[in-house]
Amino acid sequence: MPIAAAPATPKPLPPVRAVSVPANIVCNAFPACSPCSSVFSNRNKVSLRSRRNAPMFGTVVKCVGGGAVTEIDETQFNDVVLKSEHPVLVEFVATWCGPCRLIAPAVQSLAQEYQDKLVIVKVDHDSNPRLIEEYKVYGLPALIFFRNGQEVPGSRREGAITKAKLKEYVDKLLESASIV
């Protein structure tokens, strides 16, 4: 009985097609954001479900609600983080960072749960090199807790974290904030 052999030269794969999105797309797709205007990059969102209704990459989002993680940049950092009357948790992320995408739902859930006690913002690593250098962010995702315009000593956390551990981390920092 003869054995069938594979063809000697396999078919080459078709070339990869790059997709770009026009820069002028505006989308108010996230009404649950904290009250501000921000540029929100949805590149770090991964959905295994249908992407038909997902907003386009690099959309500009006008935030109108409370309890969501807001993306800020170097120009907004001073006003949003350092001059805040509430404690602020800053999440340093990158669009290419797998662990950043992994903890995003937990951070979002935490932002909704603690919306009256804590402000949570995220800073894109690649778009904000001055902040990365100033705060010496070496690993991603990085979480840094700020209170009264100052980084809380010992509050840095790098790498992926479960929702339970993240809640424990924030509760401990908020408890120490109320004692001082």
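Student: Which residue in strand 6 is the bridge partner of Leu89?

Tutor: The partner of Leu89 in strand 6 is Phe145; strands here are DSSP runs of E with at least two residues, and helices are runs of H or I with at least four, both numbered from the N terminus. This is a predicted model, in which local features need pLDDT of at least 70 and side-chain atom pairs count only at pLDDT 80 or more, while totals for chains, interfaces and linings use all residues. Residues are numbered from 1 along each chain as its sequence is written, and side-chain values use heavy atoms, with hydrogens and water left out.

Student: Which antiparallel partners does strand 6 have in strand 7 and strand 8?

Tutor: Strand 6 is joined by two bridges to strand 7, residues 150-151, where Gln150 stands opposite Arg147. Two bridges also link strand 6 with strand 8, residues 157-158, again in the antiparallel sense, and there Glu158 faces Ala142. In the hairpin of strand 6 and strand 7, two residues lie between the strands, and Asn148 takes a positive phi near 55°.

Student: Why is strand 6 called mostly covered?

Tutor: Buried means under 20% relative accessible area, exposed means over 50%, and partly exposed lies in between, with a 1.4 Å probe and protein chains only. Six of the six residues of strand 6 are buried, so each of them falls under 20%.

Student: Which residues cover the two faces of strand 6?

Tutor: In a regular strand the side chains alternate between the two faces of the sheet. Here Ala142, Ile144 and Phe146 are buried on one side, and Leu143, Phe145 and Arg147 are buried on the other.

Student: What makes a group of residues a nonpolar core, and which members of the largest one touch the most others?

Tutor: A nonpolar core is a set of buried Ala, Val, Leu, Ile, Met, Phe, Trp, Tyr and Cys residues joined through side-chain atoms within 4.5 Å. The largest has 20 residues, of which Phe77, Val81, Val90, Phe92, Val137 and Phe146 touch the most other members. Its largest share, four residues, comes from strand 4. Apart from it lies another core of 19 residues, including Leu89 and Val107.

Student: How many helices and strands does the protein have?

Tutor: The secondary structure comes to four helices and eight strands, and buried residues make up 38% of the 180 residues.

Conventions. Two strands pair if DSSP finds at least two bridges between them.
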